[in-house]
Amino acid sequence: MSDRFGIYLHVPYCRSKCRYCDFYAAPGQRGVPEEYVAALLRELAKNSRRPDTLYFGGGTPGLLSPAQVAALIGAADPLPGAEITLEANPDTVTPEPLTGFAAAGVTRISFGVQSALDDQLRRLGRTHTAAQAARALEWAGAAGFQSVCGDIMLALPQYTNAEFDATLALLAGGGCTHISAYLLKIEPGTAFFRNPPPGLPDADAAADFYLYAVDRLEAAGYHQYEISNFCKPGYEGRHNLLYWNCQDYLGIGPAAHSCLEGVRRFWPNDTPAFIAGTLREEEEGVCNGEDFLMMQLRLCSGLDLEEYAARYGVRFTPRQQAFLDQCVAHGYARRQGSRLQLTPAGMVVQNAILTELI
Ligand code: SF4
């Protein structure tokens with residue numbers, strides 16, 4: 001059992017469905033039904049381990065009322081000093097619930113901003129505008145949040161570096177301490193998969209947008225600590241670090257995943273059955289050396305080869321060593337003592353590197 005422990009609560013409700021989104025979330029919601037909160041409370045009551053991180057993800061957890069959030073935090077019983085994150089959309093909050101979330105114990109608020117261009121936001125099916133995003137960030141600061149996160153999507157249809165610059169300026173100007181920058185992926189089952197938007201960048205152009213974003217974020221004082229995550233010093237997301245460091249987390253709600261003592265489980269996507277108490281978690285397998293390798297190489301701190309050998313008894317073959325030497329020689333990886341780290345250029349081709357190492 002690892003010493004760190006986090007709880008993830010999934011909130012499968014959204015106002016409307018974004019065209020790129022394959023998360024499990026029902027659109028058309030203005031709030032979160034009490035019976036769903038009751039189901040989360042029922043499952044939380046089965047856990048006695050106190051978390052040092054609690055994460056409200058979705059979906060749109062910002063649709064919860066402050067009273068619902070307070071009840072869930074109380075039931076999760078986090079340790080003193082816990083990081084408690086809540087995801088929200090810029091158009092689902094006003095000053096009142098933001099103040100209420102902070103009073104309930106939320107320490108970190110995360111906004112899905114995605115772009116500073118209203119045309120782009122409309123194309124994505126987002127329901128907010130850039131002005132609403134700027135206002136939500138301002139209100140979060142006024143509500144007392146010291147830790148404010150913003151998401152940016154990269155390589156969107158008709159994307160330009162100028163769009164990235166404008167979005168970074170919006171987030172940095174709004175006081176964000178943490179920025180997640182994700183490349184758009186067209187996932188099966190989404191509106192974009194059925195009707196791909198014109199002007200999508202190809203893989204090479206997407207890689208260039210990513211490398212440009214890393215460069216600009218670093219220049220703006222957001223240091224990269226994971227493939228898609230950047231922050232001001234000391235503002236790393238402690239909850240997601242549990243995932244990447246293969247530590248224990250308990251997920252509750254349909255589509256939520258857990259990994260406890262090396263065993264991975266998930267709840268199937270069925271909200272009515274979850275509410276009724278008839279849904280059962282399914283086992284996904286054990287967290288093994290390959291999972292550890294993949295997760296650690298997402299982090300800029302990289303994989304400690306000595307720890308890898310000690311934990312899983314795995315050492316790279318001479319052929320894999322030679323491949324890694326080539327990666328280092330070509331600027332895709334670096335070695336720091338016993339650590340193997342991917343550079344931003346290596347992160348772009350991480351899948352190809354992993355294929356050689358696994
Ligand atoms: S991207 Fe977020 S807000 Fe949009 S549908 Fe998916 S979960 Fe909901």
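This note goes through the fold, the core, the domains, the ligand shell and a few individual residues.

1. **Basis.** This is a predicted model: local features need pLDDT of at least 70, side-chain atom pairs count only at pLDDT 80 or more, and totals for chains, interfaces and linings use all residues. Residues are numbered from 1 along each chain as its sequence is written.

2. **Overall fold.** The protein has 15 helices and 15 strands. Both are DSSP runs, numbered from the N terminus: helices are H or I with at least four residues, strands are E with at least two. The C-alpha atoms fill a box of roughly 60 × 45 × 40 Å along the principal axes.

3. Of the 358 residues, 42% are buried. Buried means 20 or more other C-beta atoms within 10 Å of the residue's own; exposed means 12 or fewer; partly exposed is in between; C-beta atoms are placed from the backbone. Among contacts with a separation of 6 or more, 69% join residues 24 or more positions apart. Two residues are in contact if their C-beta atoms, placed from the backbone, lie within 7 Å.

4. **Core.** The largest nonpolar core has 95 residues. Such a core is a set of buried Ala, Val, Leu, Ile, Met, Phe, Trp, Tyr and Cys residues joined through C-beta atoms within 7 Å. Ile109, Ala140 and Leu154 have the most contacts inside it. This core draws at least three residues from each of domain 1 (5–242) and domain 2 (289–357). Leaving out residues up to four places away in sequence, Ile109 touches Leu86, Ala88, Phe101, Ala140, Phe145 and Val148. In soluble globular proteins, nonpolar side chains tend to be buried together.

5. **Domains.** The protein is divided into domain 1 (5–242) and domain 2 (289–357). The bounds come from an automatic or database domain assignment. The C-alpha centres of the two domains lie 29 Å apart. Eight residues of domain 1 are in contact with eight residues of domain 2. On the domain 1 side, α8 (203–219) and β7 each supply at least two residues. Helix α8 gives the most, with four. That side divides into six nonpolar residues, one polar and one charged. Ala, Val, Leu, Ile, Met, Phe, Trp, Tyr, Cys and Pro count as nonpolar, Asp, Glu, Lys and Arg as charged, and the others, Gly among them, as polar.

6. **Helix α11.** This helix covers residues 289–298. Its buried residues are Phe292, Gln296, Leu297 and Arg298. They pack against β7 (223–226), α9 (238–244), β13 (303–304), α12 (305–312), β15 (339–342) and α15 (350–357).

7. **Ligand shell.** The residues around the ligand are Cys14, Lys17, Cys18, Cys21, Phe23, Ala25, Gly58, Gly59, Thr60, Asn89 and Gly112. The shell divides into five nonpolar, five polar and one charged. Two of its members, Gly58 and Gly59, are joined by a cis peptide bond, with omega near 20 degrees. Gly59 is in the loop between β2 (53–58) and α2 (66–76).

8. **Backbone points to check.** Most residues other than glycine have a negative phi, and most peptide bonds are trans. Gln114 is not a glycine, yet has a positive phi of about 75 degrees. Gln114 sits in strand β4 (residues 108–114). It counts as buried because it has 26 C-beta neighbours inside 10 Å. Cys246 also has a positive phi, of about 55 degrees, and is not a glycine. Cys246 lies in the loop between α9 and β9 (248–252). With 20 C-beta neighbours inside 10 Å, Cys246 counts as buried.

9. **Helix α5.** Gly141 is in this helix (residues 130–142). Gly141 is partly exposed, with 15 other C-beta atoms within 10 Å. Gly141 touches Val148 and Gly175, not counting residues up to four places away in sequence. Ala131 is also found in α5. Ala131 is exposed, with 12 other C-beta atoms within 10 Å.

Key: A residue is near a molecule or strand if its C-beta atom, placed from the backbone, lies within 6 Å of it.
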